[in-house]
Amino acid sequence: MRKIGVLTSGGDSPGMNAAVRAVVRCGIAKGMEVYGIDRGYEGLMDGAIHPMTLASVGDILHRGGTILSTARSDRFRTPEGQEHAVKVLETFGIEGLVVIGGDGSLKGGLELAKRGIAVMGLPGTIDNDLGYTDFTIGFDTAVNTVLDAVTRIRDTSSAHRRTTIIEVMGRHCGDIALHAGITGGADAILVPEVRFDMMNLCRRMIQGHNRGKLHGIIIKAEGVDMDVNEMAREIEDRTAQETRTVTLAYLQRGGTPTAKDRMLASRTAKKAVDLLYNDESSKAIGICGNDIVAYDLEEALSMNREFDMDLYELAHILAK
Ligand code: F6P
């Protein structure tokens, strides 16, 4: 395969640029022509496609976001849109495509794969919610962003002897909350994978206060189905602890990617290019332990994300 394209799709994540850079440079190293596609599938359908050079991806490794821009595309969700996208790729002579995105984006890639395009999916999302890979590109950076916020909030919560609820992203996955909670020393971690019990939570906060804790830090994943401000009011009523809220939202999507995310992005991108070069069928590429893995794309997207209950129990013990 000698002509490939690369696009970023869905919610952006730190490390996407590192992945784009590695696709371009690994492709060129193999004598391939690499085309950048702007604005995800929306741009693909518009023919927003341009050749990439070594210089095109200079000085982006350290930048969050994506130089190719990203978008969500309702048009592409239709069979007509998918057919049109295939025609556009054929017009450009592009035989293979690297899709960098989350669950929805890789599923979109599968629709192209079903229509004869070789698609290699890279796990580009902060959510860490793809069942076939231990980690996604952007997750580590997002966790560290939350960790920085937790450290800052600990200061002010202690100064005021307050409880603070920090709401984090992750869609239906609690991994950002879990990892930031453990590494930030949260007193409680609320995730959609574990049923929420207000009585239990308030008991933990009172126990912590009574044993001399100067503050209470609760990390709530956005997938836990309770309004964060309502939760704060209820905790205040039940514990008499002054309670504040912080919703980190899009702070978690930006920032310079960590070394771990840059390495994951670079290694998975190289694998994608190698597989396309060897005319392999469509795959989802990720990491298992320290090994880069490639699964049949459709099979990978059917794998469910196992929530790490051992890690959740550890968090519980450490927060006592
Ligand atoms: O999928 C990444 C993510 O940041 C989720 O964690 C969050 O719920 C969602 O995107 C927000 O979507 P949007 O950027 O479309 O508001």
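**Helix packing and ligand surroundings**

Good morning. I begin with helix α7 (residues 198-210) and helix α8 (residues 228-239), whose axes come within 10 Å and cross at roughly 60 degrees. This is a predicted model in which local features need pLDDT of at least 70, side-chain atom pairs count only at pLDDT 80 or more, and totals for chains, interfaces and linings use all residues. Residues are numbered from 1 along each chain as its sequence is written, and side-chain values use heavy atoms, with hydrogens and water left out.

Some conventions are needed. Helices (H or I, at least four residues) and strands (E, at least two) are DSSP runs, numbered from the N terminus. Axes are lines fitted to C-alpha atoms, for helices over the stretch in contact, and angles run from 0 to 180 degrees between N-to-C directions.

α7 and α8 are therefore oblique to each other; angles under 35 degrees count as roughly parallel, over 145 as roughly antiparallel, 65 to 115 as roughly perpendicular, and the rest as oblique. In contact (heavy atoms within 4.5 Å) are M198, M199, L201, C202 and I206 of α7 with M231, E234, I235, R238 and T239 of α8. By class, this contact of α7 with α8 has 7 nonpolar, 1 polar and 2 charged residues; Ala, Val, Leu, Ile, Met, Phe, Trp, Tyr, Cys and Pro count as nonpolar, Asp, Glu, Lys and Arg as charged, and the others, Gly among them, as polar.

Next, helix α1 (residues 16-29) packs with helix α9 (residues 259-277) at about 35 degrees, with the axes 8 Å apart. The crossing of α1 and α9 is right-handed. From α1, A18, A19, A22, V23, C26 and G27 meet R262, A265, S266, A269, K270 and V273 of α9.

What is the handedness of the crossing of α6 and α11? It is left-handed.

Finally, the ligand. The residues around the ligand (a heavy atom within 4 Å) are R72, I126, D127, M169, G170, R171, E222, Y250 and R253. A polar side-chain atom of R72 lies 2.6 Å from a ligand oxygen atom. For a side-chain N or O atom of Y250, the distance to a ligand oxygen atom is 2.4 Å, and for one of R253 it is 2.7 Å.

Technical notes:
A polar contact is a pair of N or O atoms within 3.5 Å; within protein, one must be able to donate a hydrogen and the other to accept it, and residues adjacent in sequence count only if both atoms are side-chain atoms. A crossing is left-handed if the near helix is turned anticlockwise from the far one by less than a right angle, and right-handed if clockwise.
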